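Work through the exercises below with the sequence and the structure in view. Try each task before reading its solution.

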Amino acid sequence: MEYQLSLWQTLAANFSADNMALSIIVVVSQLIVPLIMFMALRNYPRIRSVILAILIATTVGFSVFPIYGNGWKIVDKQLHMNAYGVSDTINIEVMRIGIVKVGDQWDPIRRDMGAGLPNLLVGRCTMDNGKKALVFYYRNPDEMLLIEAKHKYYIIAYPGMESLYSELVRLGAKETLFG
């Protein structure tokens, strides 16, 4: 069982129906630098088209490719998480898991290392309660899966997260109510 972001999901994470203005600002800002370069090189049409293609490719590439493939997978009773260059492997049999609501003390309030788009947050974050957690948060769900193992915390939230919760319980994770 696994859930890793595809290239299309990574691109789509730039757009949020909840905050379309922010989504437009993110996409437009990714196009402004190439447009400025395009205008500055208007007297050099051959160079302009090559530089424009390179700038657009690198601008979009730097915002998408580090996030592409982030997610989790279960292999041999271990949960492997990858969130923007921060990876961890957790033994399922020693983890405690629970469902927490978005808006409570387990909300990420500061991204310490990682990436954020309107519909995606991946990386190491500080929670509202001061604890640090490795976070994979995609598509702004109402609930999050909270995992605690060996005094480390992990947040996984995406549409369909309930199937991961059920699979972790089946493999030996202990259900817990987190306050």
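**Exercise 1.** Which residues make a nonpolar surface patch of about 340 Å²?

Solution. The model is a predicted one.
- Step 1: the patch is made by Ile-24, Val-28, Ile-32 and Ile-36.
- Step 2: The relative accessibility of Ile-32 is 39%. Buried means under 20% and exposed means over 50%, so Ile-32 counts as partly exposed.

**Exercise 2.** Describe the chain as a whole.

Solution. 
- Step 1: count the elements. The chain has four helices and 11 strands.
- Step 2: look at burial. The chain has 179 residues, and 41% of them count as buried.
- Step 3: look at contacts between residues at least 6 apart in sequence. Of these, 52% join residues at least 24 apart.

**Exercise 3.** How many aromatic pairs does the structure hold, and what parts of the chain does the pair of Tyr-3 and Tyr-158 tie together?

Solution. 
- Step 1: there are six aromatic pairs in the structure.
- Step 2: take the pair of Tyr-3 and Tyr-158. Their ring centres are 4.2 Å apart, with 25° between the planes. Planes under 30 degrees apart count as stacked, and this pair is stacked.
- Step 3: locate the two residues. Tyr-3 is in strand S1 (residues 2-4), while Tyr-158 is in the loop between strand S10 (152-157) and helix H4 (161-170), so the pair ties together parts that are 155 residues apart in sequence.
- Step 4: check burial. Tyr-3 and Tyr-158 are both buried.

**Exercise 4.** Treat the pair of Trp-106 and Tyr-153 by the steps of Exercise 3.

Solution. 
- Step 1: the distance is 5.0 Å centre to centre and the angle between the planes is 45°, and the pair is tilted.
- Step 2: Trp-106 belongs to the loop between strand S5 (96-101) and strand S6 (108-117), and Tyr-153 to strand S10, so parts that are 47 residues apart in sequence are tied together.
- Step 3: Trp-106 and Tyr-153 are buried.

**Exercise 5.** Which residues do ring pairs link into a cluster, and over which ring does the charged end of Arg-139 sit?

Solution. 
- Step 1: the cluster consists of Tyr-3, Trp-72, Phe-136, Tyr-138 and Tyr-158, linked by ring pairs.
- Step 2: the charged end of Arg-139 sits over the ring of Tyr-138, at 5.9 Å from the ring centre.

Key:
Residues are numbered from 1 along each chain as its sequence is written. This is a predicted model: local features need pLDDT of at least 70, side-chain atom pairs count only at pLDDT 80 or more; totals for chains, interfaces and linings use all residues. Side-chain values use heavy atoms; hydrogens and water are left out. Helices (H or I, at least four residues) and strands (E, at least two) are DSSP runs, numbered from the N terminus. Buried means under 20% relative accessible area, exposed over 50%, partly exposed in between (1.4 Å probe, protein chains only). Contact means heavy atoms within 4.5 Å. Rings of Phe, Tyr and Trp (its six-membered ring) pair if their centres lie within 6.5 Å; planes under 30 degrees apart count as stacked, over 60 as edge-to-face and the rest as tilted. A charge sits over a ring if NZ of Lys or CZ of Arg is within 6 Å of the ring centre and within 35 degrees of the ring normal. Patches are made of residues with over 30% relative accessible area and no salt bridge: like charges are joined within 9 Å, nonpolar side chains (Val, Leu, Ile, Met, Phe, Trp, Tyr) within 5 Å. Accessible areas come from the Shrake-Rupley method with a 1.4 Å probe; for residues, only the protein chains shown count as cover. A salt bridge is a side-chain nitrogen of Lys or Arg within 4 Å of a carboxyl oxygen of Asp or Glu.
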